Structures are given as structure tokens and as C-alpha cells.
Amino acid sequence: MHILVSRTGGGAVLVTPLQDAANAGRRVTAAPEPGPARTLSHPQFHAFVAEAEQGAPRWVWDDTSRWYPALLASGIRVKRCHDLRLCHNILRNSSLTTSSELAQAAPNHWDAAAAIDASAADAGATLFDLGFELGAEPGGSPVGDSVGDDDPSESATSVDSDAGIGAEFRRQQDAVAASAEPGRLRLLLAAESAGALIAAEMQYAGLPWRTEIHDRLLTRELGPRVAYGTRPRRLEELAGQIRAALADPNLNPDSLQDLLRSLQRAGLGAASTRAGELKKLEHPVIAPLLEYKKLYRLLSANGWYWMDTWIVDGRFHPDYVPGGVVTGRWATRGGGALQLPKQVRGAVVADDGWKLVVADASQLEPRILAALSADTAMAAAGRGSDLYAGIVASGVVETRDHAKVAMLGAMYGATTGESGRLLPRLARAYPRALGLTETAARAGERGESVTTRLGRSSPRPGAAWQATQAQAYDPSATAADERRARSQARDWGRFTRNFVVQGSAAEWALCWMAEIRKALWALPAADAPGAAGAAGSAGSAGSAGSNDPDRCSPFAAAAHLVFFLHDEVIVHAPAAQADQVARIITDSAAAAGRLLFGDFPVDFLLTVAVVDSYADAT
DNA sequence: TCTGCATGCAGC
DNA sequence: ACGCTGCATGCAGA
């Protein structure tokens, strides 16, 4: 496969396919300011350009995470794609495509978890590292002109034979076209694929992180930096206080078993060493112990070792895994990006002359539930303001906290405690919304799958689950068998209950980000002081970025997404464009709502903050 | 020494 | 007997 790469004046690099048997005359996009062009080829890299039904052409390839990091590292940005692996996963399981050839086929290599090339997974890998060959543009034609493929071994490449990607793409298109909801599925596949591009781009760009601020924070809390494996001063002091209070001079507070034994010896009726349990107890050891646990967590999860490992050139580069969670949420690998503690967010600081635009969707899942179930009363409670406050204002419950606990209970399947007690009132006020969650739960209890707004279906329970259920109906079943089966069925019901809401919320978030990315792409490059990632790199430790123009070129002077967490995004933007970016983010939320729910009157409110430090976004 | 599990806690 | 995660740690068993 050959593709043509050309540089634009603004530093961004766009890609056009070489004209060959498979790609005759098709282009993804033309470079606005054609520069020197070159060709790329790789024996395993197969892609072609598909004309989408609604006009926008896109690259079709097997696995974005396999190729895009190296393309980005070489300065190449891709506007749209269709990720066959991610889309196959969706269509294989969707209840909307069960009779398709794709879903009926025996498991094949598209089902296997992608064996990610280690070098591809490395953000620093370039095309060269991956074995791409670079060549001068054949014939020296200007970008956009017809370019002949001068490699006879490649010129025979066709959509049909190209490593099977053409055939798979056609199977996917057929499955969508024959489904009951082709529009929704098409949107889901586009959003999922856009997410794959965004994930690679965010990983590449990284979250701006000031190690000197982080270090100062750690030193303030823990004492001066110490070698890995030794206790910082403050922890050592607290350990001494704990040992004294428990009269146990040899206690190792890091050993939960040691600690629990010691607590019991001292007459404290502690069943566990969990912070929540300890807080209920009255004893001189409790205060220093809680402090110790808090600081120990900071040290082990986000201490100096973490900082040295994960902050590279003043950027945190978590490895996002689109579709990594069954519900469609992203997972992450390495660095604990899903658990970035509020405690350390002060180290996330925009480059000089830049801002962080931090936005999170308020009460996203309840709003999603309201729209999914067309519960106009619940949607009205969230109109224009805090949805929980709206529930209180409607007289359903007395306090905002009650509204929140009750809503979470409805979506998670709580049956006991305060949440369980409040549920009936919620069900009376919002029968449609609560009816939807109940229906989803009952389906799960029967072992059936449920499906999100755009068509992602939950997995069916496994053989062990089925066997346990079957056992309960056997004449020989004991009361214990039946209890086990009932409990297991309820477990699965809570999973499916939550699946429809969490999964649909994930779809909204994907659409939101895709809209944001689209609008940012169209934004003119700002006159920002220094390139993002390279700003202040000369001699300023911590915030230094790479000076390699290839590494920073795709985002050199343009606002770009740098972080995503379920219902929250951060855009790193030139200060002059920050307000414009904030509007883009807000408009994109509304657009995402329309994409999923059309004209149904539900608001998706955001909290948007333009800040220097993530800690200031509250 | 290596590996898998349990614990506990960070996020949504 | 409240959903989805990732990760560090200690500990038991291989």
C-alpha cells in the first residue's frame, strides 16, 4: 500500500491516497498549501478510501491503534477513518445485526483481540521504526494531481484482495444496511472510529504536566524526595505515632494484616482497615492512621516514581483504549488516567500563552436516561439547570443529596439503604425513566441482552451463568442452588440495567468529542507564542517539549484535545482562542444531543472553565 | 522467584 | 448485598 503524504503551510500534514487500482481518483482531503510530497509504503499496512454514504470520504483500515501513533509521530494527521476492528466488535454483538452475514459467520481474526505491535503502541514510534519506507513522490506531480503508482508489486492491490479489508468493510456495510436502525449504527461506527483517532491524538499530544509543581506538592505533603522504597519523612513520623498509639513498636503500617491484628489487640473492633470503617472508631490511633493512608496512597499512586515514569517532556501520555469497556466506555492502560486524583491536578498547567478549556457534562447519565426513555418530566427537571435541584424543586425528594442518591440507585440497581428507600418516590414521579431501567434489569435477569441508543448490545452471560440458572430448575435443586441462581440473576440484571445508561452516555460522549474535534480542525491556526509541546522547552525543566518539528507539527499552533474521562474533556488552546473553544465545546454538546435524540427536549448542560491549571476548574 | 488473588482506593 | 474501571501492594501457593 502506498499513500501520498504532503506538508501544508501551517505545519499540519494531511494524507491523500495514491491513485491506484483501488483508489482511483479518490482523495481524503487536499492539502491547502501543497508542499514537498513523499510516498509511504509498508508490507502490512493496508488501507483504502471509502466514499461514505453521506459524502465524506474516509480511510478504511484494520486498526487505528496499530498505525495511527506512528503516522502522528511522523507528522501526519488523518481526518476520518473507519476502524474495522472496533466496528466489527460492535456489529458482531449488536442485537440489530444478528441475522447479518458478519454476525452469523464463525469467529475469525476480526474477533481476536488485536495483537498490538509493541512498536506501534509506543507513542514515540515513527513510520521508520515501523518499517515504513519513504520515497519521493512518484512522477513528482503536485498534490491532488493524478499520481501513477510505479510499483508493479503494489499496483495490483484491490479493495477485494487487500488483506481482506475490502471484504470485511463490505460485510460491515451490508450488516448496517440490512439492520432495523441503519442510521443509528452508521453514527455509532463513525463515532467509534472518530474516537479511535482522537484517542491516538490525545495520547500523542499528552496532557500538559509541570513536574516541578508536582514535586513541590509531593514535598509539601510527604517531605523531601527520597529514594524509591524508603518512607518519606512525613510518613515515617506518622508511622511512629501509629506504633506509639497502638503500643506496637514493630508494626508495619503497610501490611494490612499486621495492622488489623494490631488494631484488634488494642481493643478496637475493626472488621477491616478501610478508611470508612476506621472513621467510625474513636481512638488516638485513628487520626494519624487515616493521614498515613491518605499520604501513602498519594506516594504509591502518584508519587515521584509515577512522575518519572509517566511524565515525558512535560506531558502525561496515557494509553487510551477505545471500546475497552463492554459498555463502550474507553479504558486506559498505564498511568492510571481513569483515576487521576483531584489531589494532583494542580500540576496540570497550560503552556505559556495557552489555556486549558475544561468541560464536564453535568448529570450526564440521568439526562441520558431521561432522553432514552422519553421521560419528559425528568428532562424538564434538568432543563437549563442542575437536574438534581430540579427533582427537589418538583417536590419529589427534600434535598439535592437525596435526589442524587436516589438517581444513582435507580441506575445502579440499589435495593437497600437510603437509596432503596427513596426509589419508590422517584418511580412515581418518573415512571418512564424508572420503567426503562427496570425493563433492562429484568432482561438481564433472564439472560437476555440489552442495547444502547445507537446499537451496542451487552454480551450474553457465559456458560457458567447459564449452568447455574439451569441447575436451579432441576428437580434436584436445593434451596441453596435457587438462592445462588437468584442472586446471580440479579447481579446480571444490575449489569444490564446500568449498561443501557452507561453505554448510551458513552455514545453521547463520543459524538461530543467527534464534534469538538471537527470544529477544532476547522479553526485557523492561532498566533500563539511557541508551539504546544515545545513552548518554553529551552532549559525549562518539566514543561519542556520536543523540538523535533515532526513530533509537534500536527498540533503546533492549534487548539487540540488533551484529555478525556467519560464525561469530561480538556482542550489545550492558544489563549486568544480559548473563549471560542469554550463555545465550540458547548455547541458540540448540543449537537451530540441532537445526533442521539433528535428533537427530544433534553438539555446537556456543561460546566466549562477556561483556566491555567486543572485544579482551578473545580 | 514468579504468579494470581485479595485488599483498598482513585476516578466516572 | 450499588454499575463500570486501573493500579499498587502484600501475601500465599506454585
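1. Which residue in β5 does A47 stand opposite? The residue facing A47 in β5 is W61. The strands concerned, β4 and β5 (residues 58-61), run antiparallel and are joined by four bridges. As with everything below, this is read from a predicted model.

2. The pair belongs to an open sheet of three strands, ordered β4-β5-β6, with mixed pairing. β4 (47-50) and β6 (81-83) are the edge strands; each has a single partner strand, so one side of each is left without a neighbour in the sheet. From one strand to the next the twist averages 30°. As background, strands of a sheet pair through backbone hydrogen bonds, either parallel or antiparallel.

3. For the overall picture, chain A contains 23 helices and 16 strands. Of its 618 residues, 46% are buried. Among contacts in chain A with a separation of 6 or more, 69% are between residues 24 or more positions apart.

4. The largest nonpolar core has 140 residues. Those with the most contacts inside this core are V357, M513, V569, I570, V571 and I585. Helix α21 (residues 479-522) gives the most to the core, with 17 residues.

5. What does I570 touch, leaving aside residues up to four places away in sequence? The list is L207, L356, V357, V358, V562, F563 and Y614. One of these, V357, is also among the residues with the most contacts inside the largest nonpolar core.

6. Strand β14 (residues 560-564) has five of its five residues buried, so this strand is largely enclosed by the rest of the structure. Four bridges connect β14 with β15 (residues 568-574), and the two strands run antiparallel. F564 has V569 in β15 as its bridge partner. The hairpin formed by β14 and β15 has three residues between the strands, and H566 there takes a positive phi near 65°.

7. Most residues other than glycine have a negative phi. A247, although not a glycine, has a positive phi of about 50°. A247 lies in the loop between α9 (233-245) and α10. A374 also has a positive phi, near 50°, and its place is in the loop between α14 (364-372) and α15 (376-381).

8. Are these two alanines buried or exposed? A247 is exposed, with 11 other C-beta atoms within 10 Å. A374 is partly exposed, with 15 other C-beta atoms within 10 Å.

9. The model includes DNA, and strand C is taken up here. DNA strand C is surrounded by 33 residues, the closest being S255, S300, A331, Y412 and R494. By class, the surface near DNA strand C has nine nonpolar, 19 polar and five charged residues. At least two residues of this surface come from each of α10 (256-265), α12 (286-302), β12 (331-333), α17 (400-412), α18 (417-429) and α21. α21 gives the most, with six residues.

10. How many residues surround DNA strand B, and which are the closest? There are 17 residues around DNA strand B, and the closest are S272, R274, A275, Q339 and P341. The surface near DNA strand B has six nonpolar, four polar and seven charged residues. Here α12 gives the most, with three residues. Helix α12 also supplies at least two residues of the surface near DNA strand C.

11. A last point concerns R220, which is found in helix α8 (residues 211-222). R220 is exposed, with 9 other C-beta atoms within 10 Å. The C-alpha atoms of R220 and S99 are separated by 61 Å, and these two residues are 121 residues apart along the chain.

How values were computed:
Residues are numbered from 1 along each chain as its sequence is written. Chains are lettered from A and ligands numbered from 1 in the order in which they are written. This is a predicted model: local features need pLDDT of at least 70, side-chain atom pairs count only at pLDDT 80 or more; totals for chains, interfaces and linings use all residues. A nonpolar core is a set of buried Ala, Val, Leu, Ile, Met, Phe, Trp, Tyr and Cys residues joined through C-beta atoms within 7 Å. A residue is buried if 20 or more other C-beta atoms lie within 10 Å of its own, exposed if 12 or fewer, and partly exposed in between; C-beta atoms are placed from the backbone. Two residues are in contact if their C-beta atoms, placed from the backbone, lie within 7 Å. Two strands pair if DSSP finds at least two bridges between them. Axes are lines fitted to C-alpha atoms, for helices over the stretch in contact, and angles run from 0 to 180 degrees between N-to-C directions. A residue is near a molecule or strand if its C-beta atom, placed from the backbone, lies within 6 Å of it. Ala, Val, Leu, Ile, Met, Phe, Trp, Tyr, Cys and Pro count as nonpolar, Asp, Glu, Lys and Arg as charged, and the others, Gly among them, as polar.
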